[in-house]
Amino acid sequence: MLRNGQAGVVGERAWKWGRVPEHPGFRNMSRSYVPHFIHWLGSPPNFYRFAGNVRPWLMAAALVCAVIGLYGGLVLAPPDYQQGDAYRIIFIHVPSAWMSLFIYAAMAIAGLVALVWRVKLAEVIAMECAPIGAAFTLITLLTGSLWGKPMWGTWWTWGARLTSELVLFFLYLGVIGLYNAFEDRRRGARAASLLALVGIVNLPIVHYSVVWWNTLHQGSTVNLFGHSSIAPSMLWPLLVMALATHLYFFASILGRARTGLLSLESGKQWVRQLVTDTSR
Amino acid sequence: MTQFFAMGGYAVYVWPAYAVFFIVLAWDWFAPALRRRRLTRQLRGRIARERTRSARAARAEVTT
Amino acid sequence: MASLTQTVDRGTGTMDVTAVARSSRRPGTWRACRALLRRDFVLAWRRRGELFLPLLYAVIVTALFPFALGPEPELLGRIAGGVLLVIVVLAMLPALEAMFRADLEDGTLEQWLLAPQPLALLALTRVIAHWITTVLPLIVVMPLLGALLDLPMKVLPILIVTLLLATPLIALLGAVLSALAAGARRSGILLALMLLPLVVPVVIFAAGAIAAAQSGMPYLAPLTWLAAALVLAIVLAPLACAAALRIAVES
């Protein structure tokens with residue numbers, strides 16, 4: 001009971017700090033509980049400052065991981081005995097494919113939060129996830145195509161994975177298009193969030209229907225990895241690259257959300273103060 | 001070194017793939033920065049216009 | 001039904017059901033849906049010229065295929081099922097976009113939100129009316145279009161059954177997207193872009209059934225899948241549609 005009472009007091013202070021631009025900073029808050037931190041972070045000025053502080057570190061970590069992963073993948077890892085050096089595309093292709101799904105899930109979760117609790121920050125994050133996800137999906141499609149040409153002799157096959165990825169790309173484009181078709185951006189964000197949720201129900205259905213369709217039309221079923229397990233010398237660069245793309249995503253989403261918040265809150269006092277302060 | 005860049009004969013496929021990866025992500029990284037710069041310039045202009053307007057209104061009040 | 005007769009008995013005794021519904025202050029859900037259906041049919045009838053536009057579109061596109069691919073009956077007959085399926089999907093698109101737009105502009109949707117009847121049910125009624133007025137004619141002329149493309153006679157019934165299952169499903173999915181796009185400035189190609197990912201599984205299973213029927217294979221499995229998806233969509237799509245309409249109306 002005592003603990004609850006204390007938490008309530010701290011929560012009260014956190015609420016006040018969330019409203020006042022001249023707060024003592026999140027460092028004091030970090031001694032408190034995680035929910036209070038999230039609540040504190042939900043306020044646009046706090047989030048703006050926090051994201052600005054964290055983002056360079058995330059990007060630096062992402063670059064370090066990318067350098068290590070690329071060195072391991074391009075230099076240290078031996079050529080594949082079947083695919084030669086062409087397999088080295090997987091070090092960007094596979095992490096991008098993972099990211100395209102991961103970001104869609106992140107977008108749908110943020111969209112759900114935006115729809116249920118109407119949190120402005122969640123709307124911004126959901127909508128800013130879409131271009132990053134579309135970028136990773138585009139990378140997956142293009143690098144997959146560049147890999148497919150030497151391996152299977154064709155730029156494109158209607159395999160299950162490729163078709164699902166293409167459908168995912170259209171889902172992203174639909175979300176971006178719907179959001180931009182609205183005059184009122186908050187309403188657009190809510191509508192596009194609902195579309196993202198419809199899409200996440202649809203995605204497994206698409207995948208299984210395409211798999212079924214592929215078994216119907218035999219011929220273009222190509223398994224990228226075969227059935228052999230991947231060698232450790234090739235696996236660790238892949239995992240490091242996956243870590244790098246995750247870190248990059250978090251850095252990018254924080255930057256995009258900052259910009260999104262700035263334009264959404266452009267009439268508010270904290271934005272005016274920020275803009276006039278940085279001009280001097 | 002040339003052996004590294006030749007990629008066992010697959011250089012035509014491997015390097016464009018890496019180029020796509022870095023170009024698309026560079027676009028993703030710099031597009032919001034450009035958007036933010038444009039936005040702050042617009043906001044600064046709007047604030048400056050509002051200030052001159054209110055100053056002019058104050059001056060008009062003094063003269064009447 | 002049993003509970004309904006009970007209330008009649010407990011109430012004024014000898015009155016019939018419609019009289020009870022008329023006398024109560026709040027119109028029953030069933031009556032509201034029927035009124036909505038009647039209104040949509042009357043509106044469709046007043047603008048009956050527009051109902052022929054999807055038909056005309058389907059006939060024109062069907063007629064273009066022999067010119068593009070050559071008039072060999074074997075080739076045309078082989079692709080006819082899939083081609084007709086895609087043509088029906090494309091012909092449905094323009095009407096789908098306008099499903100809620102006029103009602104949003106003249107404020108009818110706000111009345112829907114205020115109505116005591118569940119919004120999802122009203123949306124479902126609208127989808128049914130939309131399907132009957134714009135899609136059913138397309139299915140009715142399917143024998144004619146099939147003849148233009150030399151569709152084998154044994155495939156025609158399967159094609160029609162497939163369309164009877166697939167088009168309501170597409171109309172339900174399209175209603176959700178149409179409601180989402182209703183509040184936007186202009187949709188146009190946007191609806192097609194949003195509909196494509198949702199329609200891919202439907203087209204795959206519908207085309208699978210048609211192709212199986214054409215090659216003399218068992219076609220019941222994909223049809224059953226379509227039917228299952230339709231049942232699921234009848235339950236879930238109106239709910240999503242209602243949520244989308246709320247977003248479109250609320251500012």
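**Surface patches, salt bridges and the C–A contact**

Helix α4 (residues 44-76) of chain A contributes the most to a nonpolar surface patch, with five residues, helices being DSSP runs of H or I with at least four residues. This is a predicted model, in which local features need pLDDT of at least 70 and side-chain atom pairs count only at pLDDT 80 or more, while totals for chains, interfaces and linings use all residues. Residues are numbered from 1 along each chain as its sequence is written, and side-chain values use heavy atoms, with hydrogens and water left out.

**Nonpolar patch**
- The patch consists of V64(A), I68(A), Y71(A), V75(A), L76(A) and W236(A), which together have about 570 Å² of accessible area (Shrake-Rupley method, 1.4 Å probe, with only the protein chains shown counting as cover for residues).
- Patch members have over 30% relative accessible area and no salt bridge, with nonpolar side chains (Val, Leu, Ile, Met, Phe, Trp, Tyr) joined within 5 Å and like charges within 9 Å.

**Salt bridges**
- Over all chains the structure holds 15 salt bridges, each defined as a side-chain nitrogen of Lys or Arg within 4 Å of a carboxyl oxygen of Asp or Glu.
- One of them joins the side chains of E123(A) and R190(A) (3.8 Å, N to O).
- Because E123(A) lies in helix α6 (residues 120-152) of chain A and R190(A) in helix α8 (residues 185-216) of chain A, the pair ties together parts that are 67 residues apart in sequence.

**Contact between chains C and A**
- Chain C supplies 27 residues and chain A 28 residues to the contact, meaning heavy atoms within 4.5 Å.
- A single salt bridge is counted between these chains, and the side chains of E250(C) and R118(A) meet in a salt bridge at 3.0 Å, N to O.

Conventions:
Chains lettered and ligands numbered in written order. Helix = DSSP H or I, 4+ residues; strand = E, 2+ residues; numbered from the N terminus.
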